[in-house]
Each structure stands twice: as structure tokens, then as C-alpha cells.
There are 2 protein chains.
Amino acid sequence: MNTPAEANHNHSHTSEHDHNKCVSEALGTAAQLCVVRGVQLTPIRQQVLELIWESHKAVKAYELLDRLKPLMDAAKPATIYRALDFLIEQGLIHRVESLNAFVGCNSSAHQHEQLLLICNNCQEVEERSAPEVMQALSQEIKQADFTVHSKAIEIHGVCAKCAEMTTTQS
Amino acid sequence: MNTPAEANHNHSHTSEHDHNKCVSEALGTAAQLCVVRGVQLTPIRQQVLELIWESHKAVKAYELLDRLKPLMDAAKPATIYRALDFLIEQGLIHRVESLNAFVGCNSSAHQHEQLLLICNNCQEVEERSAPEVMQALSQEIKQADFTVHSKAIEIHGVCAKCAEMTTTQS
DNA sequence: CCACCGAATGTTATAATATAACATTCGGTT
DNA sequence: AACCGAATGTTATATTATAACATTCGGTGG
């Protein structure tokens with residue numbers, strides 16, 4: 001029932017990782033978590049999650065909308081934003097604040113507050129749990145006598161792959 | 001020449017710090033830095049910086065626009081966004097990515113990449129240089145073989161002052 | 001002096017992102 | 001069958017941001 005739809009993703013490292021596995025794991029975990037939590041991963045929500053997972057790039061809401069429309073004629077902005085709200089609440093995706101965009105979360109079951117390494121060249125986002133950073137951060141926040149609700153740690157730059165490509169090719 | 005305009009800011013800790021000093025220091029430093037760098041802190045830019053410094057809260061672009069209009073009749077969105085672009089380039093303000101808003105930077109002369117503690121209750125933003133965090137972050141980023149261009153580290157929650165108020169008052 | 005240049009600003013229009021508000025559907029209960 | 005709440009449908013609009021071209025203005029060189 002997890003749509004076959006292998007398809008024509010042209011993400012940059014087709015050769016380097018089994019993206020179908022990424023997707024099926026993400027969807028499988030999401031389904032499990034929702035059952036456990038007693039919340040509904042409806043067809044719309046599942047579809048949006050699947051669209052987000054088509055790549056490891058951050059995706060814009062209206063880009064998702066454009067991609068959803070052919071599949072669901074009734075899709076409107078609210079359709080997307082509601083699905084995104086749900087997926088974020090459930091920790092299944094990250095909102096990338098510095099891009100107003102969204103990306104799948106690999107570790108939705110464990111934790112959701114991670115470092116995001118955002119490549120300005122290929123747009124891919126790498127999550128890192130970075131325990132040392134989080135530890136130092138907790139210390140700092142405690143010193144400031146601040147009560148945390150949420151964290152956004154977003155690093156922009158160039159990923160290893162792109163750095164290599166540009167130094168090699170130029 | 002640094003407008004006297006003491007005025008009716010109703011920021012939350014009038015009694016606790018000399019805000020006029022904050023403002024005059026910020027404007028003074030900005031003026032110096034711009035001279036040194038050979039860039040122009042024009043009247044518009046200075047005015048916008050001053051408006052941002054009216055409080056320690058993050059301010060929205062269109063809110064600034066509304067406040068600028070009475071002072072400069074020609075003000076339009078582009079007026080504000082251009083001034084903001086300049087101030088950000090010069091490190092004189094921070095863009096708060098998670099709020100699409102802006103706040104003065106206290107340490108424009110030294111460094112610009114800081115931790116922002118954003119109070120969801122009073123909207124005030126505290127900058128912290130957090131050297132241990134930054135150190136751990138550099139390590140982590142190096143391990144990921146990632147080349148940094150910029151960092152946004154934004155923590156949302158409740159500041160000490162607001163936490164005290166709510167526990168005391170309720 | 002004046003022709004020109006670049007930086008800043010003025011001006012109009014529109015793109016891109018996001019939410020509000022109310023109507024409808026639909027499965028599950030009473 | 002009547003009702004309920006969660007999800008979705010639908011229309012409208014608010015909010016944030018940029019594009020594109022015109023104008024101003026201080027300085028520089030002819």
C-alpha cells in the first residue's frame with residue numbers, strides 16, 4: 001500500500017544511497033508512530049510526507065502544493081499548511097526557518113531537535129544530533145535562566161559533496 | 001545630533017536598565033563602524049536602526065514601516081527592506097529567522113554569530129556569544145566536512161523575568 | 001561649467017508565504 | 001435518526017518580500 005511510484009527523482013546522489021529505503025523507512029516509521037499516538041496519518045498527510053521525502057532538499061509549501069495538485073485536485077494552500085502543521089506537531093518533518101521550507105526528519109521516533117546543515121549549493125539538508133553541541137547549549141541556557149520550548153539551529157554553507165565538486169571541476 | 005527623543009517606550013524593564021544608553025551606544029558604534037568601513041549610514045538607515053533599538057523585542061518589517069511613515073512620508077516596503085539589508089550586511093542587526101523579524105545586535109564590532117534567546121512571552125531577544133556552544137559547533141561542523149557561511153541559532157521559550165512574573169503572580 | 005557615474009532613494013507593481021473564517025463531509029456514537 | 005468531533009473543502013485576505021524601472025544627488029573628470 002506504500003505506493004510503488006519509484007520514479008524520476010533527480011536528486012544529486014542517486015548512486016550513493018538507496019533513496020527508496022529512506023522513503024519507505026520514513027513512511028513506515030511515521031505510520032507506526034501515528035498508530036501508537038492515536039493520531040491519523042490520513043491520505044493527504046501521508047501524501048505530503050511522501051512528497052517531502054522525494055528528496056533531501058528543503059521544499060517550499062507552494063512547491064508542495066504544485067506537486068500535490070495533480071494528485072489531489074482539491075488541493076489549496078490550507079490543504080498543504082494543515083498537513084505541514086500536523087507533520088511538524090508529530091515531529092515527522094522539520095520546518096527550516098531560515099528558508100521557509102520543510103524537510104523530512106530522520107529520527108522522528110527518538111528526538112526532533114537537531115542541527116541542520118543546509119547546503120546553499122544543492123539545497124540538501126543534513127540532520128545531526130550533535131550531542132556535544134546540545135550539551136553545551138543546555139548549559140548555556142541554564143546559565144541564562146531560560147526555559148526552552150524549542151530550538152532551531154541552522155547552519156548554512158556548502159556540503160562536502162558540493163565542495164568537492166566545485167574544487168575538482170573548476 | 002543623536003536625536004534626544006527620550007519618549008514613551010513601554011518596554012518591560014524600564015526600571016532595570018538604562019535603555020537610552022543601549023540606544024546611544026548602538027547608534028554610536030554603528031556610526032563609527034560605518035566610517036571605518038567606508039559605507040554610508042544614511043538618515044534612512046540610521047532612522048531604521050533607531051526604530052529597531054526602541055526595544056529589545058524582535059520587530060517586523062511592516063511594523064517598522066508603519067513607524068517610519070510618520071517620520072518619512074515616502075517610506076514604502078522597499079525603503080525598509082533596503083535599510084534592513086544594509087544593517088544586516090553590516091552586522092548591526094540580526095534577522096530572527098524563526099519570526100521573520102529583526103533585532104539590534106549588541107556586539108556588531110566584535111562578532112555577529114550569536115545565540116538568540118527569544119522569549120515567547122515578552123518577545124525580547126537576548127544575545128549570547130556562548131563560546132562553549134560555538135566551539136562544540138565548530139567541531140561538529142568540521143566532522144561533517146561542511147563549510148560554514150552563516151549560522152542561525154534561535155532558542156524559543158520563556159525568559160527568566162517572565163517566568164518569575166508568571167510563577168509569582170498566578 | 002557640465003556631462004557623466006555610481007550609490008541611494010522613489011515609485012509602482014506583483015510575487016511568495018501564510019492564515020482566517022465558515023461550510024461540508026464522514027465515521028463513530030448515542 | 002440525531003449528534004459530535006476531526007478532517008477536509010472553499011473563499012477570501014493578510015503578511016512578508018522582491019522586481020523593475022525612474023529619479024535624485026554628490027562627486028569626478030573633461
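Modeller: By class, the surface near DNA strand D has 10 nonpolar, four polar and four charged residues. A residue is near a strand if its C-beta atom, placed from the backbone, lies within 6 Å of it. Ala, Val, Leu, Ile, Met, Phe, Trp, Tyr, Cys and Pro count as nonpolar, Asp, Glu, Lys and Arg as charged, and the others, Gly among them, as polar. This is a predicted model, in which local features need pLDDT of at least 70 and side-chain atom pairs count only at pLDDT 80 or more, while totals for chains, interfaces and linings use all residues. Residues are numbered from 1 along each chain as its sequence is written, and chains are lettered from A and ligands numbered from 1 in the order in which they are written.

Colleague: Which residues come nearest to DNA strand D, and which element gives the largest share of that surface?

Modeller: Of the 18 residues around DNA strand D, the nearest are A:T42, A:I44, A:A74, A:A78 and B:P77. Elements are DSSP runs numbered from the N terminus, with helices (H or I) of at least four residues and strands (E) of at least two. The largest share, four residues, belongs to α4(A). At least two residues each are supplied by α2 (43–52) and α4 (77–89) of chain A and by α3 (61–68) and α4 (77–89) of chain B.

Colleague: Which residues are closest to DNA strand C?

Modeller: DNA strand C is surrounded by 18 residues, and the closest are A:N100, B:T42, B:I44, B:A74 and B:A78. Here α4(B) provides the largest share, four residues. The elements that each supply at least two residues are α3 (61–68) and α4 of chain A, together with α2 and α4 of chain B. This surface divides into 10 nonpolar, four polar and four charged residues.

Colleague: A:N100 is among the closest residues to DNA strand C. Where does A:N100 lie in the hairpin of β1(A) and β2(A)?

Modeller: Strands are said to pair if DSSP finds at least two bridges between them. Strands β1 (residues 93–96) and β2 (residues 101–104) of chain A pair in the antiparallel sense over four bridges, and A:V96 has A:A101 as its bridge partner. Their hairpin has four residues between the strands, and in it A:N100 takes a positive phi near 45°.

Colleague: Why does B:V48 count as buried?

Modeller: B:V48 counts as buried because it has 30 C-beta neighbours inside 10 Å. B:V48 is placed in helix α2 (residues 43–52) of chain B. Contact means that two C-beta atoms, placed from the backbone, lie within 7 Å. Residues up to four places away in sequence aside, B:V48 touches B:L64, B:L68, B:I80, B:A83, B:L84 and B:L87. Between B:V48 and B:L68, 20 residues apart in sequence, the C-alpha to C-alpha distance is 7.3 Å.

Colleague: How many residues of each chain are in contact with the other chain?

Modeller: In this model, 33 residues of chain B are in contact with 33 residues of chain A. The largest share of the chain B side, 12 residues, comes from β5(B). By class, that side has 17 nonpolar, eight polar and eight charged residues. Strand β5 (residues 147–158) of chain A runs antiparallel to β5(B), and 11 bridges join them; among the partners, A:I155 is bridged to B:K151.

Colleague: Where should the coordinates be read with caution?

Modeller: Where pLDDT is low, the predicted coordinates should not be read in detail. The pLDDT is the predictor's confidence in each residue, from 0 to 100. Chain A has a mean pLDDT of 91, with 89% of its residues at 70 or more. Over residues 1–11 of chain A, however, the pLDDT is below 50, and this stretch has 10 contacts in the model beyond near neighbours in sequence.

Notes:
A residue is buried if 20 or more other C-beta atoms lie within 10 Å of its own, exposed if 12 or fewer, and partly exposed in between; C-beta atoms are placed from the backbone.
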